[in-house]
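Biologist: I am new to this structure and would like to learn how to read it. Could you walk me through it?

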Amino acid sequence: MIRSFLQSDIPQALPIEEATQIAPWSEVAFLRCFEAKYPGWVIEDQGQVVGFVLLSLAVGECHILNLCIHPKAQRRGFGRQLMEYALDWAKEQGAGIVYLEVRRSNLAAILLYQNMHFKQIGERKDYYPAGRGREDALVFARDIGIEVFLEKGGL
Ligand SMILES: CC(C)(COP(=O)(O)OP(=O)(O)OC[C@H]1O[C@@H](n2cnc3c(N)ncnc32)[C@H](O)[C@@H]1OP(=O)(O)O)[C@@H](O)C(=O)NCCC(=O)NCCS
């Protein structure tokens, strides 16, 4: 089940974040998202939160800020379901484009995004902290504005 990410979900989200991310967000980073009123959703399996997505939306641009699925719940379609839910929501809000960044080494996420028709549009050198030094980010985008236009019959 997918439902809104509530501030009271942070204690369940933090261990998922810590188990999956190389440079995990702190509680404060999650709280800032709530202060900024960024939308987010969690996905539950048997009543337990097993993953979440957070995004921002402004001037027609949607940015995926965080997406995590608990290691024990990965490869069961939850990541894709959350992303599809977030993209449907962004389309309803009239967003034109969705952007995200991903570590160059994060093959699982890169394959997920490619599978979901995101295209690599650039890279940011040394964007992320890494074990030793820094790691590049690949920037991906998906033009959802044109999808909505075509879904409505185009011209
Ligand atoms: C990336 C992540 C969110 C994927 O979530 P998930 O629930 O495991 O992914 P799904 O089961 O929905 O997989 C959807 C598709 O993504 C790709 N994929 C996901 N994990 C993969 C893996 N380990 N290896 C290869 N492909 C993978 C596949 O194409 C898969 O489709 P398929 O199962 O039909 O082959 C999850 O691995 C995760 O939380 N990783 C750590 C945090 C992270 O990297 N977040 C993204 C930051 S940009």
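**Reading the model step by step**

Modeller: Let's start at Val59, which sits in the loop between E3 and E4. Helices (H or I, at least four residues) and strands (E, at least two) are DSSP runs numbered from the N terminus. This is a predicted model: local features need pLDDT of at least 70, side-chain atom pairs count only at pLDDT 80 or more, and totals for chains, interfaces and linings use all residues. Residues are numbered from 1 along each chain as its sequence is written.

Biologist: What is the phi of Val59 near?

Modeller: Phi of Val59 is near 40°, a positive value in a residue other than glycine. Arg75, in the loop between E4 and H3, also has a positive phi, near 65°.

Biologist: Is Val59 buried or exposed?

Modeller: We count other C-beta atoms, placed from the backbone, within 10 Å of a residue's own: 20 or more means buried, 12 or fewer exposed, and in between partly exposed. Val59 has 6, so Val59 is exposed. Arg75 is exposed too, with 9.

Biologist: Which elements does the protein chain have, and in what order?

Modeller: The protein chain has 5 helices and 7 strands, running β-α-α-β-β-β-α-β-α-β-β-α from the N terminus. Its radius of gyration (taken over C-alpha atoms) is 16 Å, close to the 15 Å that the globule rule (2.2 Å times the number of residues to the power 0.38) gives for 155 residues, so the chain is as compact as a globular protein of that length.

Biologist: And how do I read a nonpolar core?

Modeller: In soluble globular proteins, nonpolar side chains tend to be buried together. A nonpolar core is a set of buried Ala, Val, Leu, Ile, Met, Phe, Trp, Tyr and Cys residues joined through C-beta atoms within 7 Å. The largest one here has 33 residues, and Phe52 is among those touching the most other members. H3 gives the most to this core, with 6 residues.

Biologist: Which residues is Phe52 in contact with, leaving aside its neighbours within four places in sequence?

Modeller: Contact means C-beta atoms, placed from the backbone, within 7 Å. The partners of Phe52 are Phe5, Ala13, Gly40, Trp41, Val42 and Cys68.

Biologist: Which residues come nearest to the ligand?

Modeller: A residue is near a molecule if its C-beta atom, placed from the backbone, lies within 6 Å of it. Of the 19 residues around the ligand, Gln74, Gly79, Arg80, Ala108 and Leu112 come nearest. The largest share of this shell, 5 residues, comes from H4.

How values were computed. Two residues are in contact if their C-beta atoms, placed from the backbone, lie within 7 Å.
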